[in-house]
Structures are given as C-alpha cells and as structure tokens.
Amino acid sequence: MTAVHYQDSAVTRFGASVLRGALSYIIPFAVVAGVWQFASLFFPPFLFPSLVDVFWRFISIIGDWAQFSDVLATVLRILAGLAGAFLIGALLAVIMARSRIAHDFLSPILTLFQGIPALSWVVFAIIWFHGIESRIFFIMVVTTLPAFSFQVLGALQAMSRDLTEMVMSFRPSRIKLFTAMIIPAILPDILTAWKVNLGNASRVVVVAELVGATGGVGYQLLQQQQLFDMAGALAWTLQLVTFVLIVQAILTLIESVAFRYRAISERAL
C-alpha cells in the first residue's frame, strides 16, 4: 500500500468515525423529538405543545433582553456557586490530604452535608439570609462543596508515591512541583468533578429560584406553571439545558487540549 493510499484510508476511517459519533449523538434526540411531536397531534397544547411553538418561544426569550437577563442571572449564579464551592472544596481537600486529624474531623461533616436534601438547604437559606443572591450562593456552595472536596481529595490521594519521591529527588521548587506534577495528576478528576457538579448545580439552582427568588429560570418556570403554559416551561428549560451543553463542550475541549499528549485509546477511556 502506497503512502497516498494509506493517507486516504486514514482520512476515510476518521470521517466515518466522526459521522458515526455524530449520528449516535443526534439519533436519540431525534427519536425523543419525533415521539413528542407525534403526541402533540393527539393531545391539547397545554399537555404536549408542538415543537415549532416551543422553538419560537425559545427564540423569543433570546431576542427579548428582559427575559434573556433572567437566563444570564441563572447562569451567573451557577458559575459563581461552582467557583466558590471548588475553591473551598480544593482548600479542604488539601488540608485533609496533609493532616489525618483534619481528615477525620472534616470527612463526617462533609458526608453530613451531602445527605441533606437541596430543598432543606433552600429553607435554611431563606431563614438565615435576607438577600436573594446571598441565599442562592450559599445554597449552591453547600450542595456542591462535598462532591468537589471528596473528588479533589481522591485525586490527591491517588497520586503515585513512587513518582512523587522520584520528582522530589530533583529538589523542584514549589511552583515547579505544582505545575509539573500535581496539576497534571489531579486535573482529570477536577474536570470530571466540574462536569458532574454542573448538572447537579443546574438542578439545584432551579429549586432555589423556584422558592426563594424573584428572577431567573426557576422563577420563570413557576410563572409558566401558574399559567399552565407547557411551551413556555419547555422553552425556559431548554435555555438552561443549552447552557449546560455549552459548558460541557468547553470542558471536553479543555480536556482534549490538556491531555493531547496521551494516546488516543487512553483519552477515550
């Protein structure tokens, strides 16, 4: 086989792989959309509205600044809560990794926090805090803090002791040790933690806004529920889903760029 034929064959295999991946991603959504559209032919719009109506409601939200500002408010609340929980969780994980006493003290507390339902935290926040933003920030942080802490702690504890001792034999500076060894070792778990907590945060923020806010996607969903407007409820939900998909794609892109030195089969695992 000549080099040109081998190159053409590789391009063909790559194109087939991309097409197969795209179809496996699109077909499930197309089936769900088809079933919903079929149901809309037999049920009233307040139960199963046409996807065309939902699409135009979705576009109208984006085109109206008064409504789109509610979407942005929810997005900023999610990102602020996740950032705060990650910073605090990473700090707690480092403390627990370095101190057995701190680990034995903090681990049960984080487990306790993990077992408290999100709705209970919403009630606590309404009682403890006066401002809406402080309430929602508190709820987002306490509901995602345990997962960030345990996942970063697990990544730190999984670092190879032999590799650590070998690197330390070169007497690296703290910055060099952090950038050349610790970050590459724990970054996969950190990105996974962000992906998992992003989905959890998007669900929690809706509950928080539904009960304790006067703006945002959760508040708008409450308005649609009171009007029995299923098309509006779907359109507002899809705004949040779109944000989650965009951030998930960004995290996947960061993962691909950061771990491009790995073999393809290893990155696919």
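Predicted model: local features only at pLDDT ≥ 70, side-chain atom pairs only at ≥ 80, totals over all residues.
Start with α8, where a kink of about 50 degrees sits at Ile183, shortly before the proline Pro184. The bend at a residue is the angle between axes fitted to the seven residues ending there and the seven starting there. Helices here are DSSP runs (H or I, at least four residues), numbered from the N terminus.

Residues are numbered from 1 along each chain as its sequence is written, and side-chain values use heavy atoms, with hydrogens and water left out.

Now to the open space. The largest pocket has a volume of about 860 Å³. On a 1 Å grid over the protein atoms alone, a pocket is an open set of points with protein on both sides within 12 Å along at least five of seven lines, a cavity is a set where a 1.4 Å probe fits but cannot get out, and lining residues have an atom within 4 Å of a point. Points are joined across faces, edges and corners, and a volume is the space filled by probe spheres set on them.

Of the 22 residues lining this pocket, Val94, Arg98, Leu156, Met159 and Ile182 lie nearest its centre. α8 gives the most to the lining, with 8 residues, and α3 (65–98), α6 (132–157), α7 (161–168) and α8 (174–212) each supply at least two. By class, the lining splits into 15 nonpolar, 3 polar and 4 charged residues. Nonpolar means Ala, Val, Leu, Ile, Met, Phe, Trp, Tyr, Cys and Pro, charged means Asp, Glu, Lys and Arg, and the others, Gly among them, are polar.

Take Met159, in the loop between α6 and α7. Its C-alpha atom is 8.1 Å from that of Ile182, 23 residues apart along the chain. Leaving aside residues up to four places away in sequence, Met159 touches Thr164, Met181, Ile182, Ala185 and Ile186, where contact means heavy atoms within 4.5 Å.

There's also 1 cavity of 30 Å³ or more in the whole structure. Its lining is Val122, Ile126, Arg135, Ile136, Ile139, Ala208 and Gly212, and α6 provides the largest share, 3 residues.
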